[in-house]
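Work through the exercises below with the sequence and the model open beside you. Try each task before reading its solution.

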Amino acid sequence: MGSSYVVESGFYMTSFAATIFIAALVTVGVLLITLLVALAVMLQSCESRSKGVVEIEKVSYSYHYCKIFSLHGELNSLEAAKVPPVCRSLAIQYIKGGEYARDLKITMQMIESFLDTVSPSHEHLDVVLMDLDDILASYPRNSNRLMHQFNQYVFGKTIDCIEDAKYLKHLLTLDLYKKLQSRGWPLILLSRKREKQKNVTIEHLNSLGYTGWSSLIMRLDSDMEMDTRKYFSRQRAAMKKEGTQIISVISSQMDALTGSSLGRRVFKLPNPLYYNFENHVESWKLSH
């Protein structure tokens with residue numbers, strides 16, 4: 001009987017080699033998972049970046065739109081009710097972000113720098129005109145409760161930054177006023193308000209620290225129907241006719257900075273698009 005051999009085909013691997021093989025498989029698996037996670041993160045990042053670009057474009061468009069609207073709104077004396085809601089929101093961000101404070105301080109520095117380069121004449125009366133209503137509107141006069149109600153009505157939340165902005169304007173305007181006085185500049189205050197309010201206005205000015213002005217001009221009853229641009233121009237023309245030289249006009253409102261006899265330099269204080277809250281609060285009270 002002959003011998004027979006059985007040959008079995010197979011793959012032989014030592015235990016050490018098997019361990020290395022399994023480890024390699026695990027490593028490849030981990031690398032594949034890591035690659036998938038990285039791709040997912042990159043896709044999400046690209047999507048977020050694309051969305052961010054769209055949002056930036058929207059904000060940029062709104063900003064430029066409101067900037068142009070603000071300019072034309074002031075030129076045409078538009079009321080707050082005609083201001084688009086998006087512009088009101090951006091105005092609040094303008095204050096909250098500190099840009100209003102920065103612009104206000106820079107403008108005050110520009111005014112001081114210019115008036116440091118000239119001196120009042122001894123031959124005739126050189127004056128600086130200041131918008132009295134800017135001065136009075138810049139001081140928060142115990143209106144926190146009404147402001148709270150108005151902010152709830154318009155914006156849906158309390159906006160304390162508006163009061164802070166008004167107070168900052170009050171401090172910087174008063175500081176400018178005193179510096180100009182100390183340098184010998186006669187200051188004339190012009191107002192859109194009635195002459196009948198003059199005594200109350202003087203008391204209010206004194207209480208805020210404003211004293212020693214050269215003249216305080218308010219509107220007669222016959223002037224109340226006159227356009228404010230025409231009113232301011234007429235007052236300046238009358239000063240010029242009397243020999244008074246206007247060196248500068250300072251205001252945040254365009255009606256005081258347009259027309260004739262504006263002097264050597266006009267300065268516009270920054271005016272956030274929150275407008276005259278005090279008047280709007282009164283309107284809100286009357287309508288509720």
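**Exercise 1.** Is aspartate 116 buried, partly exposed or exposed, given its relative accessible area?

Solution. The model is a predicted one. Step 1: take the value for aspartate 116, a relative accessible area of 48%. Step 2: apply the cut-offs, under 20% for buried and over 50% for exposed. Step 3: aspartate 116 therefore counts as partly exposed.

**Exercise 2.** Find which residue meets the side chain of aspartate 116 in a salt bridge, and state which parts of the chain the pair ties together.

Solution. Step 1: the partner is arginine 183, with an N to O distance of 2.9 Å. Step 2: aspartate 116 belongs to helix 3, while arginine 183 sits in the loop between helix 6 and strand 2, so the pair ties together parts that are 67 residues apart in sequence. Step 3: at 33% relative accessibility, arginine 183 is partly exposed.

**Exercise 3.** Arginine 183 also forms a salt bridge with glutamate 112. Describe this pair and the network around it.

Solution. Step 1: the closest N and O atoms of arginine 183 and glutamate 112 are 3.7 Å apart. Step 2: the cut-off for a salt bridge is 4 Å, so the pair qualifies. Step 3: glutamate 112 lies in helix 3 and arginine 183 in the loop between helix 6 and strand 2, so this pair ties together parts that are 71 residues apart in sequence. Step 4: glutamate 112 counts as buried because its relative accessibility is 15%. Step 5: Glu112, Asp116 and Arg183 are linked with Asp175 and Lys179 in a network of salt bridges. Step 6: the structure holds 13 salt bridges. As background, side chains of opposite charge can pair when their charged atoms come close.

**Exercise 4.** Which side chain meets that of aspartate 221 in a salt bridge? Locate both residues and classify their exposure.

Solution. Step 1: the side chain of arginine 194 meets that of aspartate 221, at 3.0 Å from N to O. Step 2: arginine 194 is in strand 2, and aspartate 221 is in the loop between strand 3 (215-219) and helix 8 (228-241). Step 3: the two residues are 27 residues apart, and the pair links distant parts of the chain. Step 4: aspartate 221, at 43% relative accessibility, is partly exposed. Step 5: arginine 194, at 36%, is also partly exposed.

**Exercise 5.** In the largest nonpolar core, which residues touch the most other members? Then look for a second core.

Solution. Step 1: among the 36 residues of this core, Leu115, Leu205 and Ile250 touch the most other members. Step 2: helix 6 supplies the largest share of the core, 8 residues. Step 3: a second, separate core has 14 residues, including Leu190, Tyr231, Ile246 and Leu262. Step 4: leaving out residues up to four places away in sequence, leucine 115 touches Val128, Leu180, Trp185, Ile247 and Ser248. As background, nonpolar side chains tend to be buried together in soluble globular proteins.

**Exercise 6.** Is lysine 166 buried or exposed, and is methionine 42 buried or exposed?

Solution. Step 1: lysine 166 is in helix 6 (residues 160-182). Step 2: its relative accessibility is 4%, so lysine 166 counts as buried. Step 3: the C-alpha atom of lysine 166 is 7.7 Å from that of alanine 137, a residue 29 positions away along the chain. Step 4: methionine 42 is in helix 1 (residues 15-75). Step 5: with a relative accessible area of 51%, methionine 42 is exposed. Step 6: together with Val28, Leu32, Leu35, Leu36 and Leu39, Met42 makes a nonpolar surface patch of about 600 Å².

Conventions
Residues are numbered from 1 along each chain as its sequence is written. This is a predicted model: local features need pLDDT of at least 70, side-chain atom pairs count only at pLDDT 80 or more; totals for chains, interfaces and linings use all residues. Side-chain values use heavy atoms; hydrogens and water are left out. Helices (H or I, at least four residues) and strands (E, at least two) are DSSP runs, numbered from the N terminus. Buried means under 20% relative accessible area, exposed over 50%, partly exposed in between (1.4 Å probe, protein chains only). Patches are made of residues with over 30% relative accessible area and no salt bridge: like charges are joined within 9 Å, nonpolar side chains (Val, Leu, Ile, Met, Phe, Trp, Tyr) within 5 Å. Accessible areas come from the Shrake-Rupley method with a 1.4 Å probe; for residues, only the protein chains shown count as cover. A nonpolar core is a set of buried Ala, Val, Leu, Ile, Met, Phe, Trp, Tyr and Cys residues joined through side-chain atoms within 4.5 Å. Contact means heavy atoms within 4.5 Å.
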